[in-house]
Amino acid sequence: MHNSSLDIIYADNKLSLIFKGELTLYDISKFQKKTDSIDFAKYKTAVLDFTNATHLDSAVAIFVANLEKKFASNEIETETVCDKRDILNMMALVKSQKSRYSKKAEPQKIGVLEKFGRVIYYKYSLFVFFMAFIGELFANWLHYISSLKHIRYKEIFFEINESGVKALSIVSITNFLIGIVVSYQSAYQLKIYGANVFIVDMLGISILRELAPLITAIVIAGRSASAYTAQIGTMKITQELDAMKTMGFNPYKFLVLPRIFALMIVVPILIFVADIMGIIGGMIIASIDLGISSTLFLDRFGDVIAAKHFFVGIAKGPFFGFLIASIAIHRGLSVEDNTQSLGANTTKSVVEAIFAVIVCDAFFSIILTKLGI
Amino acid sequence: MSNIIEVRDLRTVFEDRIVHDGLNLNIKKGEIYGILGSSGAGKTTLLREMVMLQEPQSGTINVLGYNLKNIKYEDAQKLIQQWGVLFQSGALFSSLSLRDNIALPLVEYTDLSKAMIDEIVEFKISIVGLKQSDGALYPSQLSGGMKKKAGLASSLVMDPELLFLDEPTSGLDPISVREFDALIVKLRDNLNLSVVMVSHDLQSVYDTIDSLAIIDNKKIVYEGSLKNISNAKSDFVESFFKIDNKEGLIL
């Protein structure tokens, strides 16, 4: 690329540093090693010779300025030999800039107590922000449902299409496969006892009551929670939210509530589809593996599966939808003005949504069983 | 003086729209070269082609002696370290502080010590007119003008020979614009830079530019110094510089 060198000549009490070639920041560490080996106490004068240097960049100029300072502090007189205007200009520029700013203030040390306090305060401010979100959500909710005119049907239907209709295929396939898996594993166990026909009871209750709602909610959490957080987070970074506010469009009415309503409407419908697909999956395996024909399967299904199991499953839908949408949007609004926080919040949004869905499902399980439903 | 950038017979096509057709220009070492034209004339596209972000359909672009067409990977890496680019919005990395943004190429490409990197970063922060205390801030905490200055500092960090500026003064207040113009001239004088800039601001053009090219109708309609601009035959030139045919150019 280019040739450069630093030769150091030691003579009695005089030191000569001869710089040659094109001096750039790639050379500095090489030069640094050479100058570090100088025993400063021995010398009285130093000559910096740039006669054979062709170019000097600002980084090397800083290096040279530091070197001169070091010589000065060791009471060595420095003489610079140079006949090129460019190089002299650069060194003068560096010196004049350096004199303009004093040594930067060291970052002040933070004690353990203060660090702890800062963390607590940060968590507290997150909690306050969350409470404010909940408060604003319900205030707007009340206004929203106070009159039919306030409801933004267009946005709601748009979101139903985005998060519901477009998710139909993935929800169907997932639940179909879950039906197959559960049926296949139970068939193997039931065969041992010759209790083949109980596959219907087992599939009916487990899929209608627990599996279909849970799997559907998890798929929607992965699909829509990430989308909502990323959308709203990006809108926040690009100041679209601020623009909306100044134009008098309340983001809660235009962005937040339509998404929440959409998911609350669409998740029960998806659960219904999931029920059908899961049972079909189970039915296929039952007829192949256990020899239970579909007519027999459906006959017994009608006899042993109470309608309440179906309704319990569907009833979980709006709650799951609400949790997924509100967590995702809260995370979207928490995005700060940088790309890293967008990624972090999207991750958190999906994880928290799935976690909340499972916790909510556990509550339902306990409460409904206690109530005898 | 020698040319550091030469563009020959450049042709750029976006789907069915021809942006450049037979465009030629020469940029000399050490000058501040302005690229002007109405919006949509392909100024930024031309700049993007010069810094290898986009490839033209045909024609050659020579930058610092390298032909950008079929350039080898090693050559491209060398070339990239010899230029700095300031994008319209500053394009700082939002997850890094200003100081880390500027230090990034030094950390990645050189084996300098931490102390030396800090000193170089301090020097660059100071030379673009920012305060040392601004170094700890993140891009989202900077104002528009500070972002531009910070972007300039980070494009200058490797001491490039060549600096590309894409509308450096857009979105700044008039006082900041003048400051920024003065800064660019000062940097050119002090750091031996050559500057290629796309600009919309008439005052900036008068204050900074040594020579300019005007893109109109897919070609360069004028290339040269400001003095002879009234010779150019172009609607854009007439409306932009408000040339009165009787009196000539009013400066």
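**Close-up views of a predicted model**

**View 1. Contacts of B:F164.** B:F164 touches B:L47, B:M50, B:V51, B:W83, B:V85, B:L86 and B:V196, leaving aside residues up to four places away in sequence. Touching, or contact, means that C-beta atoms, placed from the backbone, lie within 7 Å. This is a predicted model: local features need pLDDT of at least 70, side-chain atom pairs count only at pLDDT 80 or more, and totals for chains, interfaces and linings use all residues. Residues are numbered from 1 along each chain as its sequence is written, and chains are lettered from A and ligands numbered from 1 in the order in which they are written.

**View 2. Nonpolar cores.** A nonpolar core is a set of buried Ala, Val, Leu, Ile, Met, Phe, Trp, Tyr and Cys residues joined through C-beta atoms within 7 Å. Buried means that 20 or more other C-beta atoms lie within 10 Å of a residue's own. The largest core has 91 residues; A:V60, B:I120, B:A153, B:F164 and B:V195 touch the most other members. A second, separate core of 56 residues includes A:V200, A:L203, A:L255 and A:L333.

**View 3. The sheet of chain A.** Strand 2 (residues 14–23) and strand 3 (residues 45–56) of chain A pair in the parallel sense over nine bridges; pairing takes at least two DSSP bridges. A:E22 stands opposite A:H55 in strand 3 of chain A.

How values were computed:
Helix = DSSP H or I, 4+ residues; strand = E, 2+ residues; numbered from the N terminus. Buried ≥ 20, exposed ≤ 12 C-beta atoms within 10 Å, placed from the backbone. Contact = placed C-beta atoms within 7 Å.
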